[in-house]
Amino acid sequence: MNWLAKIPEDLRNNPFKKTFIALFKVFFVVLLPFWVFSGTTKHFESVNYDDHRKNEEQYLIGLLSEISGNSQPERYFGVEFKALADIPFPSETFNKRLKQILSDYPDSLTVSLYDSNGAALSLPFLPVLSKVVSQRYLECVKNPDLTSKYERFLIRFSGYAAAHKILGSFPNSVVAIGTTHDNHWGGWFQLKDNLGNKTGEFIVFIGKKGVPGEKLLEKAILKSRLVYGKNYRFAWQNPVSPDILMPPGHGFPKDAIDAVNQMPYGENNFSYKNQCGGKIFTEDGAAIIGLRSYPVDIDAIYSVINLFLSVTAIILFILLLPVFLGITSFVPGLKLKMSALIIFGVNLPLALLLITGMADREEREKIFVNNHEQQNVLELNRIDEGILSDYKAIEKDFKRSINRFDVSSKKAMGDSVIKIMSKVLKDYSFISRVIVAYMEQGSIFTRECPEGKHIGIDVDSIANYGNSLLKIINGEYVETTDIEATDKNSVLHNVGGLMSRIILLNAGKVSNVNMLSNSSLSYTDFVFDDNYKSQACVFVFMDDFTLQGKYLYKISKLRDEQIRRLPDSPRFAAIPVSIEKEWKAFPKRKTAEETELAKLAEQAYKSRIPTHGLATIRGEKYLLSAIYGNNLYGYSLLMARPYKLIATEIESLKKQLLVLAFVILLMALLAAYFASALLIKPVGILKNGLEAISAGDFRKKLPDSPVEEFSTMVGSLNNTMYQLQELKVAKTVQETLWPDKGLFGDKYELFGRCSPATELGGDHIDWLELEDKRLLIVIGDVTGHGVAPAMVQASVKVWLALFAHKAADSVSLVKEINRLHITHGAKKFFMTAWFGYYTPDTGELEFTSAGHPYPLILKSTGEIEMVKVPGMPIGSNVKIRLKGEKRVLDPGSSLILYTDGFAEVQNASGEMLGFEGFSNICASTVGMNAQDAVEDIFAKAALWGAQNDDQTVIILQRKNL
């Protein structure tokens, strides 16, 4: 039982209380910081896990969407035939590959092969087709203007009257051509040799009947297994047989299939043993399923942090509990206590730093989002402006053509217009109509009449308007006001002003001009002769759908290539918003069916300003930006940037925050050690000084400190102790100067109080009862505070004792004191004062003022009177000017003397009490005795505001008899 003797007696007597207190201390010193740090770390771990899981889910859905896209005939066969077109032709390799593709889909593919001159070729494994029909179809693909001429061949070859136009608009790709015939897709591809020279071309048609969706889907899944099979498993599920996954070898466990089948309707993600899974549906209703091969990992740094915190907490708990119980003799010194205090003090701020960092994460995310939004808008503007370079090339060709007009005569002009503009119409498939106005007539060219024909200006309003523009330019047009309103020319001419300026300003440019209810992309220009006279006006109206469609198709292809190289590149889309036409969306027609994209495109179209938003599209989160096209005016352009790029940047910030937290903790440990070691000796010196002050030993001299800052503090403390010693003496002297009690007679009451604002004030208060029963009352205010003003008050006290009973009146008394002050006193200190002799029997008051605030007389009725007696302060001049007066206090009246410390009191709004406010307080004391009235004045002044100067008040009250 010897070990019991080592337990402190108080612990043996009160084991539960002492244990509770010890555990409470351990809680605050060890467990609370541990829980704070551990909780913060677990929060970051949870956020990290959620972010990783969300990113994995989005990435997996993106892979499934890619599989779904690769299983679509357009993309699948587009890749197949693009790869075929890249093989040199003619070659045995090309023939073998083409034969292999045809054998894989014997009932769905029709291929027509041509040489470099467009002549149809035949191969043993190709079906026999009419060479004439096949060649005519190729000619129409290259030149859609031949449509009406070879229409019967078009229907016979493909089953569609307009499929060749689609193929011609999208070369080297497989596109959808319709749904009303066996052939649903088609493509036109160019062939080259090893040197890149054109050696042929082929047209392919693909029928849906012979293309089983399951076969394409399985091929896309098998291809994805080769690329991503190390990390992911893929399969597809037929809704009819949900328990069977295909193709074989998918590797999905049975309970994973059950997890897929139990997914709520509308969900895209599921979890199996902490592994991320995803599921999307194809257009045919099949479900593509993916599963990550291993669980989502968490950064190992969190495990290391938690282990370190746990081990540290256990060690500290074991070490500190016996200390707090008092079992060990270890008593922590100042160094250890300060170290513990600094470390503990850092815990909560560090936790706040981490919490603030988490809040800052959201703010940083907004900044990143804003930066990416700006990048999106800049990129979209570049795309929108890019079509202008295409316009420039078109403008250059148009200008070159119309400059070749023969302006020598009307006939020559007409012949050259027909010849040149009919060729222009044939060369550019996007031109819908050309009108040339010249010499009071016009020529028109359309797709129905590509050779052109001459027309009169009264036949076509545009031709009529063109001739009017020629007159305006040549200065031949004279506006008249007597033309009848029903005259067609008057209508056209009166429109002229604004529209003419618009057309003239846009001459030679491709632009969108609303001209006589004909709004479309157009080109307007003028032909001048050698005398700078305008001879012709040319209007070229273009099919903006075709022109802009080719440009957007080119941009979409370039973006697709970029995404193949860099999968995280921004996605581009163009959605038509024109209410006049049904245009195609890019990169695919079904792009416009994406709800989020369509909604954002509509907002940009209506507002005409850049619009942004976040949306999840096909399982992946995107930052969307949209602008309405200024040059691609019929479209809203959109940029979709994968949000995981921003999430990656935020993740980097989070890791930086954790590193910063540990750096701060390490620095706190070092600071605690060095600070405690450095402060022990100086703090000990300061402690001795404070103990001396507490004991009132102001004569103690502290030794110098080895630390410069503490040395200054020790010096200041020594100086303070010296001043305190002086103040102690001065305060004792000052307190002996003031009366220790009031005077109370049968006919009067006299009471006063002085409240210094500092240790030593400048106010003076005194009263004496003379041998002839008169009372001498004095109140004064010395400039400044401290020892010197206290000495001035002491001098005045002495002089009053010597001369008060000898003086004939108050004026002579003050003058004598002024002489003594200037001769023997502190000349730099002035003193305002009020001196008065009061005779209790008669109530007579004889007095003078040396620059002091005017006293108040409070009558029994509550009326206040200010007694104004001018005078100069004591010490202001050798011969001061003073004035003596006499008054008789009525029974029940009071004389109130005071200093200006009351008037200078300010409330919370900075408003001073002032003399008027002080007078009102004094008036409220009517009916009180002198002592109660003094205390009431002090109390009400304190309610107005805090004291900021010395405050003194004396009340002499004549009683009612």
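Predicted model: local features only at pLDDT ≥ 70, side-chain atom pairs only at ≥ 80, totals over all residues.
The protein chain comprises 961 residues, of which 46% count as buried, and its secondary structure consists of 23 helices and 31 strands. Among the contacts with a separation of 6 or more, 62% are between residues 24 or more positions apart. The accessible surface of the chain amounts to about 48,900 Å², and carbon and sulfur atoms contribute 56% of that area.

An open sheet is formed by five strands in the order β7-β6-β10-β9-β8, with antiparallel pairing; its edges are β7 (241-246) and β8 (269-272), each of which pairs on one side only. On average, neighbouring strands of this sheet are turned by 30 degrees against each other when direction is ignored. Within the sheet, β6 and β10 (residues 287-292) are paired in the antiparallel sense over six bridges, and Phe234 stands opposite Gly290 in β10. Two helices pack on the sheet: α9 touches β6, β7 and β10, its direction making about 170 degrees with that of β6, while α10 (residues 254-261) touches β6, β7, β8, β9 (275-281) and β10, its direction making about 150 degrees with that of β8.

The loop between α9 (213-228) and β6 (232-238) contains Gly229, which is partly exposed, with a relative accessible area of 34%. Leaving aside neighbours within four places in sequence, Gly229 is in contact with Ser224 and Ser293; the C-alpha atom of Gly229 is also separated by 9.6 Å from that of Arg292, a residue 63 positions away along the chain.

In soluble globular proteins, nonpolar side chains tend to be buried together. The largest nonpolar core of the model contains 81 residues, and those touching the most other members are Phe398, Phe405, Met421, Ile431, Val436, Met542 and Leu637. Helix α12 (residues 334-402) gives the most to this core, with eight residues. A second, separate core holds 26 residues, including Leu98, Val174, Val211 and Leu216.

Met421, one of the residues of the largest core named above, is also among the buried residues of α13, as are Val417, Ile420, Val424 and Leu425. Helix α13 (residues 410-427) has 18 residues and spans 26 Å from its first C-alpha to its last, close to the 26 Å expected at 1.5 Å a residue. Both Val417 and Met421 are touched by Val436, whose contacts, not counting residues up to four places away in sequence, also include Phe405, Phe445, Ala536, Cys537 and Val538.

Methods:
Residues numbered from 1 in each chain as written. Heavy atoms only, no water. Helix = DSSP H or I, 4+ residues; strand = E, 2+ residues; numbered from the N terminus. Expected span 1.5 Å × (residues − 1). Buried < 20%, exposed > 50% of the residue type's maximum accessible area, 1.4 Å probe, protein only. Contact = heavy atoms within 4.5 Å. Areas by Shrake-Rupley, 256 points an atom, 1.4 Å probe, with all protein chains shown as cover. Core = buried A, V, L, I, M, F, W, Y, C linked by side-chain atoms within 4.5 Å. Pairing = 2+ DSSP bridges. Axes fitted to C-alpha atoms, helices over the stretch in contact; angles between N-to-C directions.
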